[in-house]
Amino acid sequence: MQTLNDLFLIVASFFRGIMGSLGFPPLLTDAVMGLVSFVAVAALVTVNIIVILWVDRRVASFFQERLGPNRVGPFGLLQSVNDAAKLIGKESIMPAAADKRVYKLAPVIIFTVTMILYGFLPYGRGMSPVNMNAGLLFFIALSSTSTIAILMAGWGSNNKYSLLGGMRTVAQVISYEIPLAFSMLGVVMLSGSLNLGQISEAQRGIWFVFLQPLAFFIFLVSALAELARSPFDMTEAEQELIAGYHTEYTGMRFALFFMAEYANLFCVAALGATLFLGGWSGPILPGYIWFIGKTWFMVLVILWLRWTFPRARIDKMMKFNWKFLIPLSILNILLTGVGIKLYQYFTTVGR
Amino acid sequence: MFGIGLVQGLYTTAKRFLMKKVTQAYPEVLPDLPPRSRGSFGFDADECISCGLCAEACPNGVIKVDYFLGEKNRRVLERYSMNLGYCLFCGLCVEACPKSAIFFKTDFDLACYRKDDTLFTWRGNGYRPSAAPESTPTAGAAAPPVARTAASEPGPAAATAAGAAPSAGKGA
Amino acid sequence: MRDSSIGSADGAAGSVTAVAAEARAADPALDALQTEEYTLNLGPQHPSTHGVYHAKLRLNGESIVGCENVIGYLHRGMEKLAESRTYAQFAPYTARFDYLAGVLNNWGYAMALEKLGGIAVPERAEYIRVIVAELQRIASHLVMLSSMVIDLNAVTGWMYAFTAREGILDLLEAVSGSRMNLNYIVAGGVTEDLPEEFEAKVKRTFEDLHARLDDFDRLVSGNEIFLGRTRGIGVIESGQALEYGMTGPNLRASGVDLDLRKDAPYGIYDKLDFDVPVLRGGDSFDRYHIRLLEIHESVRLVEEAMAGLPQGPVRTKLPKAWKPAAGEVFEQIESARGIQGYHIVSDGSAKPYRMHLRSPSFVNIGVLPELAPGLTIQDFVATLASLDIVLGEIDR
């Protein structure tokens with residue numbers, strides 16, 4: 001059982017051993033292992049996108065009393081492959097008056113940022129491709145750079161609808177960074193570290209969702225707004241702005257935006273699973289199985305919310321953020337601090 | 001309490017998630033259509049008396065009745081064509097026919113690949129392949145004429161192109 | 001006279017532009033900030049304009065400063081077509097005006113012809129007309145409910161209402177053979193009698209309809225996000241609605257109790273017992289909610305008419321080339337979207353000299369240039385959806 005748990009670590013140390021015996025300098029060994037983990041992460045991202053595409057369509061259909069794609073492959077499993085092939089085959093049309101460099105760079109940036117974020121997730125004990133001590137902080141900082149990419153897409157398309165979508169995104173994402181960060185602060189206080197691996201470690205006893213239900217709720221709402229998922233998807237509001245910031249994108253460039261959205265979804269769900277649902281800690285099964293399972297649970301909850309609720313209005317959403325969520329998240333920090341002190345007092349006094 | 005509506009919505013979608021789905025696996029499962037359903041048209045050439053009431057009743061000029069005067073000066077139907085591309089499926093022709101020679105059928109699967117296939121032609125009892133020269137088929141419409149009886153199934157016009165075939169008698 | 005400030009930058013008090021104007025007045029630095037208004041074309045190709053409707057919006061940021069309706073993208077020349085078709089031949093075309101409520105159009109036209117020619121309609125036909133017309137009204141309102149929620153991105157709600165509509169369309173198919181553009185109500189009665197087993201089918205369909213509507217109601221009507229998007233948005237006061245000549249559920253949602261089925265009853269509506277829901281708010285939520293209530297009233301009407309169906313013929317057949325006496329007639333009915341009227345001028349021949357449709361949606365969208373300033377784009381989409389327009393009858 002322990003072997004199964006440490007499967008990837010055993011494989012990695014095996015490779016290191018080979019390279020060491022071949023006489024590689026340690027720097028080269030580290031570089032090669034870094035390359036291997038990069039390939040693994042990229043493969044994981046791609047596989048995830050394909051699976052989430054299928055799950056999204058089937059789950060949406062099931063909520064709507066219909067079956068969803070079930071013709072292409074068994075249970076429609078090859079439908080995402082079909083969609084990807086279709087998008088690759090389409091012509092990438094660029095508007096004549098678009099700002100060419102900005103327009104072309106936007107999908108690249110957004111997808112790259114999302115892929116980088118996958119490197120920080122703790123897939124198991126000691127299985128973080130990038131093990132940074134300020135991992136959580138770096139994660140939040142990086143995920144907000146996708147805002148620039150969306151604004152670039154909105155501006156570079158030379159289309160009023162895209163610009164509206166881009167501007168809405170900037171307002172929304174920047175505003176919801178604050179409750180997102182504050183909700184995570186409670187978890188950081190409880191675990192005493194910004195390292196995602198250590199946060200998972202600290203939940204061996206009890207998951208933080210039971211200690212911080214309010215923070216979990218705030219995190220869920222803010223994450224939805226960060227992802228620009230319904231009910232906060234005014235940035236790409238199909239019924240108002242046609243397609244928002246990616247109106248003028250077709251073919252592979254649109255595919256990159258599309259993939260980035262789904263990859264981001266999985267990423268943020270994984271973050272939520274790490275912070276609140278215990279990450280890789282769990283009995284019996286190997287750590288990475290628990291991690292994947294919990295992440296998929298979060299993904300399904302997010303999809304459930306997406307397919308039930310209508311879209312909020314942008315100014316009401318901002319009011320909700322500034323007047324309700326932020327005070328609530330500050331209250332949560334206060335309560336967490338008080339709670340920690342009381343816990344310390346009672347455990348030291350009782351001894 | 002704020003949020004109760006949201007929770008009720010979540011409960012509703014979760015409930016429907018688990019219920020039986022309403023999708024019909026077409027074409028393995030064909031829909032159960034009522035007998036009056038207006039799909040395609042059926043034509044009984046034996047009943048038709050070439051009165052032309054159907055063509056007069058049609059709002060769009062879909063029907064064309066080609067007949068000639070045979071023995072005892074009776075009308076003999078040569079060809080009955082319907083240009084379904086223009087048809088509204090309103091049923092005025094079916095209503096107008098005194099003999100119920102034209103009637104609705106429930107097969108709705110009328111999609112075809114060529115525009116010529118939207119012209120449905122039935123051969124009447126007086127169909128004379130040699131007497132009236134067939135009009136030139138449009139490019140791509142060449143197909144061997146199908147031998148059929150008077151009350152047979154309609155199909156894409158084998159040798160009749162869209163447009164008038166010069167008829168020996170008065171067209172309706 | 002209403003002091004309507006169409007196109008000005010001051011919206012109603014509390015609106016986004018008013019708040020912005022106040023902020024500018026308070027802070028000199030903000031006032032010095034130069035902003036520009038821009039024109040945005042909402043439509044004609046747009047996912048939520050309910051057809052090929054085009055609104056030229058002048059926007060200040062995201063709030064609308066001016067709005068202009070541009071229509072005509074679906075003009076098919078139907079009124080001119082009527083002049084070259086006989087009266088019976090034109091009947092199928094009428095269903096294509098308001099294609100979501102086909103039979104109601106047929107009924108208006110049939111009533112106009114009956115008045116023109118003095119034709120009597122058998123009693124059984126009148127009952128059947130009510131049954132089929134109310135079923136079509138339910139289907140039309142279900143389309144409005146579902147398209148309103150999908151314009152607000154509640155896709156699941158749209159699917160539930162459309163699945164409920166499928167049941168109604170199956171009933172209509174059983175009666176006439178067509179699901180949408182029924183050519184069923186004609187001058188003189190209805191074309192065919194009801195099929196057998198119809199009552200049982202109706203009962204089953206209504207059970208399913210009630211279950212789905214309950215789910216839809218629970219999913220949408222109490223949803224705080226939906227309420228936030230529609231409560232207080234696009235408020236049309238009763239005086240304003242009457243000035244613009246609005247009719248139908250839009251008018252009744254603004255507090256004016258006007259329903260032709262009660263106030264100027266035609267057919268056998270005076271014998272049937274039903275209520276006309278009237279709401280006072282006049283906002284988008286009320287226009288949504290009133291259609292939900294009207295569906296329940298229509299269900300009641302259908303059940304009542306089915307219970308009271310007399311025996312007898314269903315059609316007074318007209319001669320083939322019917323030539324009414326010269327003259328003109330205007331008959332109106334309460335369609336799903338408002339009062340629909342047919343003005344027919346006959347010169348004694350078999351074809352009408354002039355046929356004009358008084359279309360409720362055409363009149364209803366007239367309020368938009370006054371309603372839009374002060375709304376954001378999102379509110380405009382919600383308001384447009386709540387007005388329930390059909391381009392087929394606007395453009396003809």
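User: How many residues does the contact take from chain B and from chain C?

Analyst: Contact means heavy atoms within 4.5 Å. In this predicted model, chain B brings 30 residues and chain C brings 33 residues. B:Arg16, B:Arg36 and B:Arg38 supply 27% of the area that chain B buries against chain C, more than any other three residues.

User: What is the area buried between chain B and chain C?

Analyst: Buried area is the accessible area (1.4 Å probe) that two parts lose on being put together, summed over both. Here the value is about 2,600 Å², with 47% from carbon and sulfur atoms.

User: How many salt bridges are there between chain B and chain C?

Analyst: The rule asks for a side-chain nitrogen of Lys or Arg within 4 Å of a carboxyl oxygen of Asp or Glu. Four salt bridges are counted between chain B and chain C. One pairs B:Lys15 with C:Asp215 at 3.0 Å, N to O.

User: Which helix of chain B gives the largest share of the side that touches chain C?

Analyst: Helices are DSSP runs (H or I, at least four residues), numbered from the N terminus. α1(B) gives the largest share, ten residues. By class, that side of chain B has 16 nonpolar, eight polar and six charged residues. The classes put Ala, Val, Leu, Ile, Met, Phe, Trp, Tyr, Cys and Pro as nonpolar, Asp, Glu, Lys and Arg as charged, and the others, Gly among them, as polar.

User: What about chain A and chain C?

Analyst: There, 27 residues of chain A touch 36 residues of chain C. They bury about 2,600 Å², 53% of it on carbon and sulfur atoms. Two salt bridges are counted. C:Arg212 and A:Glu65 form a salt bridge at 2.7 Å, N to O. α8(A) gives the most to the side of chain A that touches chain C, with four residues.

User: What is the volume of the second largest pocket, and what lines it?

Analyst: Rolling a probe the size of a water molecule over the atoms shows where empty space is left. On a 1 Å grid over the protein atoms alone, a pocket is an open set of points where a 1.4 Å probe fits, with protein on both sides within 12 Å along at least five of seven lines; lining residues have an atom within 4 Å of a point. The volume, the space filled by probe spheres set on points joined across faces, edges and corners, is about 1,400 Å³. Of 40 lining residues, those closest to the centre are B:Gln24, C:Glu166, C:Gly167, C:Asp170 and C:Arg179. α7(C) gives the most, nine residues.

User: Which conventions apply?

Analyst: Residues are numbered from 1 along each chain as its sequence is written, and chains are lettered from A and ligands numbered from 1 in the order in which they are written. Local features need pLDDT of at least 70, side-chain atom pairs count only at pLDDT 80 or more, and totals for chains, interfaces and linings use all residues, while side-chain values use heavy atoms, with hydrogens and water left out.

Conventions:
Helices (H or I, at least four residues) and strands (E, at least two) are DSSP runs, numbered from the N terminus.
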